[in-house]
Amino acid sequence: MQVRLNLLAALLALMACGDTNPTGAVGDVLSLTTVGGDEQTGTVGTRLPEPVTVLVQRKDETTDFKPAEGVVVTFVVTDGGGSVDVGTALTDENGLAEDHWTLGPQPGVNELEARVATGEGQAAVHAVFTANAEPLPPTFVDPSPIAAGQSHSCALDSGGVAYCWGRGTSGQLGDGGNANRSVPGRVAGTEVFVSVVAGGGHTCGLDGWGTAYCWGRNDAGQLGDGTVVHRNVPTAVTSAPAFVSITAGSDHTCGLTPSGSAYCWGQNDAGQLGDGTTTQRSVPVQVLGGVTFTKISTGDSHSCGLDVAGGVYCWGANGFGQLGDGSSRQRSVPTPMLGSRTFVATVGGTWHTCGLDAAGLAYCWGDNSAGQLGDGTLTNRPSPVQVVGSQRFGALVSRSLHTCGIEESSHEAYCWGRNIDGQLGDGTTFNRTVPTAVYGGRPFQALGTGTRHGCGIAETGEAFCWGHNDYGQLGDGTVARRLVPTRVLNWPPSPE
């Protein structure tokens, strides 16, 4: 009898204390529901901004479902390799528990489960969260905010919106039409770019995820969209990896991947695509040779790249020794330049190439018919010769038969080579065989060289162009040739 009384007293005491089983007493039914943080999107390896939150409710034989306080919830990553901050949490008075989720290292779908153990004889309950892990944006190599083609120019505003002006007959202005423009016009579409480059009659831009878009002339497949149809609006390059830089030759285009692989597409009559053939390609093909590149550049019909040690490899046309291998033989695969000299950047013109070393000294080789090698002569050079002068350059650009650079300390622009249309910007039409200051002493943050004109963005944010202007490529509202930098109208554009 006494034993029965003791058991009864113990039972009454337990009932008075309430539920001591945080996961649910025998006979209770628990439910688990996601209430926040599901289907988020973030960058790989980052912590999602919204916590993953669940609601736990309990129902017994006499009551409907009500928020359950003090229930242990376990959060477990089940796919994607990410992590959570805590791993377990107790529900609050509203039945809510949360944790923060960090996505895994690979792009794709990540999954997480929230789990609650139940009373004896009942299966555990769980809820599933999913999230999409996007790749990290690439680290871009020498992004260009301004570019000049054969007879057109393009630039990016501070928000990455592209504007073009000049010749538009092949759609290279990207505004949906084929008319010429003498002032900047916005490129059609919603793409935002980190870099813009211009070829002979085409233009390409690289967006913040490394996707390449091209527009304009496409007779050799230089737009990379799998066709030879001209496009007057930006069109994504087909079957392309993400790129960290792009560069455009006269009728071909190349891109560099984050891993150091180079891809090229378009005209290939001289082997400038580097795929071991002279077959034209309308989609990107990988450059052969197994070289890991850190930078790439293009001339009219040749291409070059730097390896991880700064060594130069070039391929394509070589009639003037622009590949720097000591011969005049064209190459369809990357061929090392003769000598041990290393560079931090290369640029290409029609038949010449220039390189910039770590000390800011410029060297050029190849055709020198207009003084574009900058060595004070008109002698062609099959290997690098130092550009004359005391300047130390922070950047070089080249196209056609002239070369320009931004001086490292003053940021003033210097040009040399052909000047028949004033493309050197020094106020004359005399060719120059050594670097000559662009008129005005204005500091520039970026330059672009066209076939017979040049453009630059000043440190003030204003854009200036000079040289030939028959299609309005100087952007000053006229078609008059200018021998000195002339301000591009309406630049920078007014915020919309």
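Disulfides, sheets and core

Reply: Cysteine 364 is buried, with a relative accessible area of 0%. Buried here means under 20% relative accessible area, exposed means over 50%, and partly exposed lies in between, using a 1.4 Å probe and protein chains only. The model is predicted, so local features need pLDDT of at least 70 and side-chain atom pairs count only at pLDDT 80 or more, while totals for chains, interfaces and linings use all residues. Residues are numbered from 1 along each chain as its sequence is written, and side-chain values use heavy atoms, with hydrogens and water left out.

The partner of cysteine 364 is cysteine 354, and their sulfur atoms are 2.0 Å apart. The torsion about this S-S bond is about 105 degrees, so the disulfide is right-handed. The pair links distant parts of the chain, 10 residues apart: cysteine 354 is in strand E29 (residues 352–356) and cysteine 364 in strand E30 (residues 362–366). Strands are DSSP runs of E with at least two residues; helices are runs of H or I with at least four, and both are numbered from the N terminus. Cysteine 354 is also buried, at 0% relative accessibility.

A search of the whole structure finds 7 disulfides, a disulfide being a pair of cysteine sulfur atoms within 2.5 Å. Among them is the link from cysteine 254 to cysteine 264, with an S to S distance of 2.1 Å. Its torsion is about 105 degrees, so this disulfide is right-handed. Cysteine 254 belongs to strand E21 (residues 252–256) and cysteine 264 to strand E22 (residues 262–266), 10 residues apart. Cysteine 254 is buried at 2% relative accessible area, and cysteine 264 is buried at 0%.

Another of the disulfides joins cysteine 154 and cysteine 164, with their sulfur atoms 2.1 Å apart. The link is right-handed, with 110 degrees about the S-S bond. It connects strand E13 (residues 152–156), which holds cysteine 154, to strand E14 (residues 162–166), which holds cysteine 164, 10 residues apart. Cysteine 154 counts as buried at 0% relative accessibility, and cysteine 164 counts as buried at 0%.

Next, the sheets. Two strands pair if DSSP finds at least two bridges between them. E36 (residues 444–449) has 5 of its 6 residues buried. It pairs with strand E37 (residues 453–458) in the antiparallel sense over 5 bridges, and the two form a hairpin with 3 residues between them. Glycine 448 has cysteine 455 in E37 as its bridge partner.

An open, antiparallel sheet of 4 strands runs in the order E32-E33-E34-E35. E32 (393–399) and E35 (432–437) are at the edges with a single partner strand each, so one side of each has no neighbour in the sheet. Within the sheet, E33 (residues 402–407) and E34 (residues 413–417) are joined by 5 bridges, and histidine 402 stands opposite glycine 417 in E34.

Last, the core. The largest nonpolar core has 22 residues, of which Val54, Val56, Val73, Phe75 and Trp101 touch the most other members. A nonpolar core is a set of buried Ala, Val, Leu, Ile, Met, Phe, Trp, Tyr and Cys residues joined through side-chain atoms within 4.5 Å. Strand E11 (125–134) is one of the elements that give two or more residues to this core, and E11 gives the most, with 4 residues.
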